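Please read the questions and answers below alongside the structure. They concern how its features come by their descriptions.

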Amino acid sequence: MKKALNYGILFLAVTIGSSFLFLPHYPAPKTLILPGGFHVEVIADSLGAARHLTVTNNGIIYVKLAKLKNGKGIIALQDLNGDGSAYKKTGFGNYIGTGIYVKDGWLYASSNTDIYRYRLNEKGEVTDTAHAEKIVTGLLDRHEHNSKSIVLDNNGYLYVNVGAYSNACQLQDRALGSPGMNPCPILDSAAGIWQFRTDKAGQTYSDGVHYATGLRNVVGLDWNNDMDQLFVMQHGRDQLFQLDPKLYDAKQSAELPAETMYALREGDNAGWPYVYYDPFQKKKIVSPEYGGDGKKTGGENAVDPIAAYPAHMAPDGLVFYKGTMFPERYRHGAFIAFHGSWNRAPEKQKGYFVVFQPFKNGRPDGNWEVFADNFAGSDNISSPGQALHRPCGLAQGPDGALYVSDDAKGTIYRITYDAR
Amino acid sequence: MKSKLVVVIVMLGAGVVCLNSRPTLAEASTSGPGPTTMQRGQKIYEQTCLACHQADAGGVPGMTPPLQKSPYVQGPSMKLIGIVLNGLNDGVEIDGETYSNPMPPFSTALKDQEIADVLTYLRSHFGNKAAPITVTQVSKIRQSLKK
């Protein structure tokens with residue numbers, strides 16, 4: 001009872017606090033559905049296209065926007081009283097983008113072509129917001145799959161995804177009957193991961209290492225400290241039915257191919273566009289644009305995914321849980337934000353939730369489970385525009401809380417655990 | 001010589017018949033879209049357009065433009081027909097939102113009549129209100145694109 005009262009007061013405080021700070025105030029979104037003992041607060045809303053987010057050791061949350069909000073592309077949220085009751089909101093950076101990451105006293109952020117860094121003071125604040133150091137420039141942006149997600153390792157390197165500006169590397173992208181280009185010319189400068197130094201200004205493709213290839217589009221990625229290894233989530237190809245109606249029907253096309261998790265090493269190739277991963281046959285299948293028949297296997301030189309998830313759910317966020325706030329079973333496991341599908345039409349859409357993937361010894365162990373649900377506000381979504389919220393970015397706070405960003409309306413959620 | 005002349009006359013006759021039948025088709029779609037045009041248009045929408053533009057024509061945020069109350073759908077017919085024939089890969093912007101996925105050309109996949117039907121359907125559904133598109137308009141633009 002006392003507990004309920006405390007939460008009531010906290011809720012009131014958050015509501016009042018946010019009404020003051022975040023005008024105009026929108027109605028609170030429907031509550032997320034979480035496992036027992038977990039709680040959620042909305043710490044900001046109406047930020048717009050809130051893509052990825054990151055949290056400093058002092059608890060300042062930085063959010064990267066894919067659409068400028070009052071002319072700003074990065075929003076900092078600072079807990080004023082240290083109790084989550086009110087957040088100060090400031091903005092800087094006049095460019096749109098997706099990637100944002102904090103490490104060792106620097107804030108890194110990406111536009112769709114460049115990567116910048118900002119010096120943080122001992123409080124985790126960016127003091128000189130006007131002067132960002134441009135450390136990488138000239139990454140390809142040809143509209144499709146143009147977001148540049150970033151993560152750092154523990155040795156002074158940064159990893160960035162450059163997505164394929166194509167669905168299946170056809171001569172004419174997404175056109176019925178257009179053949180796959182062989183070799184696929186996109187692979188030289190996109191559809192892969194590039195590695196750059198974190199401390200050198202003005203790097204271009206030629207200064208970086210082409211770290212991994214054959215990855216159609218990666219938005220969610222994280223560094224796994226247990227394995228000292230880069231883990232990525234790939235968005236599988238679209239439109240098997242529309243592009244090859246003789247081989248696939250609409251239902252098969254909605255379930256193929258898998259969304260896939262890879263544990264990468266330098267030089268790895270994940271097989272796009274020549275193969276896709278079929279989660280039912282558990283094999284790499286030759287793409288129809290490259291002579292496949294839905295059964296023929298290929299990609300002998302390509303790595304296998306270490307986990308597979310239902311098709312088209314769009315994994316946009318990945319974070320390994322390193323905290324101790326959540327129960328033991330969550331520690332070292334992965335949270336994955338599935339943005340939600342569009343490519344299952346005319347079938348019902350799927351995703352719009354955050355998944356937990358248990359891990360053991362640095363590898364997925366056991367089945368994934370839905371962790372945070374009901375972002376969409378309904379489980380009957382036929383078109384992604386109907387979803388109230390779409391989870392995109394994930395980050396862990398210094399106290400072990402999990403933060404989730406929504407890029408449909410710009411809501412920032414804070415998920416905590418308290419078993420009592 | 002005589003037989004050649006007969007062939008020419010027959011061909012001319014056939015031409016006249018063809019010419020005669022054309023305005024009838026065009027008329028059918030200009031004089032208010034009948035249920036058949038709508039039914040055909042809806043079928044083409046579902047088979048060809050829905051996968052990307054979605055069942056409610058709401059599109060996909062950030063990727064595929066919506067076709068609801070669309071300035072493109074309700075805009076100049078020449079531009080609209082051109083997009084269907086040629087595709088579009090310019091990073092469309094509507095109401096401050098940008099859309100990144102390309103649209104492939106449908107000049108081989110769809111016939112003139114099918115393009116007229118689906119555009120006529122779109123121009124009277126999903127909150128759009130604009131004049132029907134005729135097969136003659138589509139043919140003209142297809143011809144001009146070939147030049």
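This is a predicted model: local features need pLDDT of at least 70, side-chain atom pairs count only at pLDDT 80 or more; totals for chains, interfaces and linings use all residues.

Q: What makes β14(A) and strand β15 (residues 229-234) of chain A a pair?
A: Two strands pair if there are at least two bridges between them. β14(A) and β15(A) are joined by five bridges and run antiparallel, so they count as a pair. Trp223(A) has Leu230(A), in β15(A), as its bridge partner.

Q: What makes β27(A) and strand β28 (residues 402-406) of chain A a pair?
A: The requirement is at least two bridges. β27(A) and β28(A) have four bridges, in the antiparallel sense, and therefore meet it. Leu394(A) has its bridge partner, Val404(A), in β28(A).

Q: Why is Val136(A) called buried?
A: A residue is buried if 20 or more other C-beta atoms lie within 10 Å of its own. Val136(A) has 28 C-beta neighbours inside 10 Å, so it counts as buried. Val136(A) lies in strand β9 (residues 133-136) of chain A. Leaving aside residues up to four places away in sequence, Val136(A) touches Asp114(A), Ile115(A), Val160(A), Phe196(A) and Gln203(A).

Q: What makes helix α4 (residues 112-122) of chain B mostly covered?
A: Ten of its eleven residues are buried. Among them are Ile115(B), Ala116(B), Val118(B) and Leu119(B), together with Asp112(B) and Glu114(B).

Q: Why do the buried residues Leu80(B), Ile81(B) and Val84(B) of α3(B) lie on the same side of the helix?
A: These three residues of α3(B) are buried. They cover an arc of only 95 degrees around the axis, which puts them on the same side of α3(B). On the other side of α3(B), Met78(B) and Lys79(B) are exposed. The buried residues of α3(B) pack against α4 and α5 of chain B.

Q: What describes the packing of helix α3 (residues 77-86) and helix α5 (residues 135-146) of chain B?
A: Two packed helices are described by the angle between their axes and the distance between the axes. For α3(B) and α5(B) the angle is about 65 degrees and the axes are 10 Å apart. Their crossing is right-handed. Residues making the contact include Ile81(B) and Leu85(B) of α3(B), and Val138(B) and Ile141(B) of α5(B). By class, the contact comprises six nonpolar residues, four polar and one charged.

Q: How many residues does each chain bring to the contact between chain A and chain B?
A: Chain A gives 19 residues and chain B gives 18 residues. The side of chain A that touches chain B consists of seven nonpolar, nine polar and three charged residues.

Key
Residues are numbered from 1 along each chain as its sequence is written. Chains are lettered from A and ligands numbered from 1 in the order in which they are written. Two residues are in contact if their C-beta atoms, placed from the backbone, lie within 7 Å. Ala, Val, Leu, Ile, Met, Phe, Trp, Tyr, Cys and Pro count as nonpolar, Asp, Glu, Lys and Arg as charged, and the others, Gly among them, as polar. A residue is buried if 20 or more other C-beta atoms lie within 10 Å of its own, exposed if 12 or fewer, and partly exposed in between; C-beta atoms are placed from the backbone. Helices (H or I, at least four residues) and strands (E, at least two) are DSSP runs, numbered from the N terminus. Axes are lines fitted to C-alpha atoms, for helices over the stretch in contact, and angles run from 0 to 180 degrees between N-to-C directions. A crossing is left-handed if the near helix is turned anticlockwise from the far one by less than a right angle, and right-handed if clockwise. The arc is that of the directions from the helix axis to the C-beta atoms.
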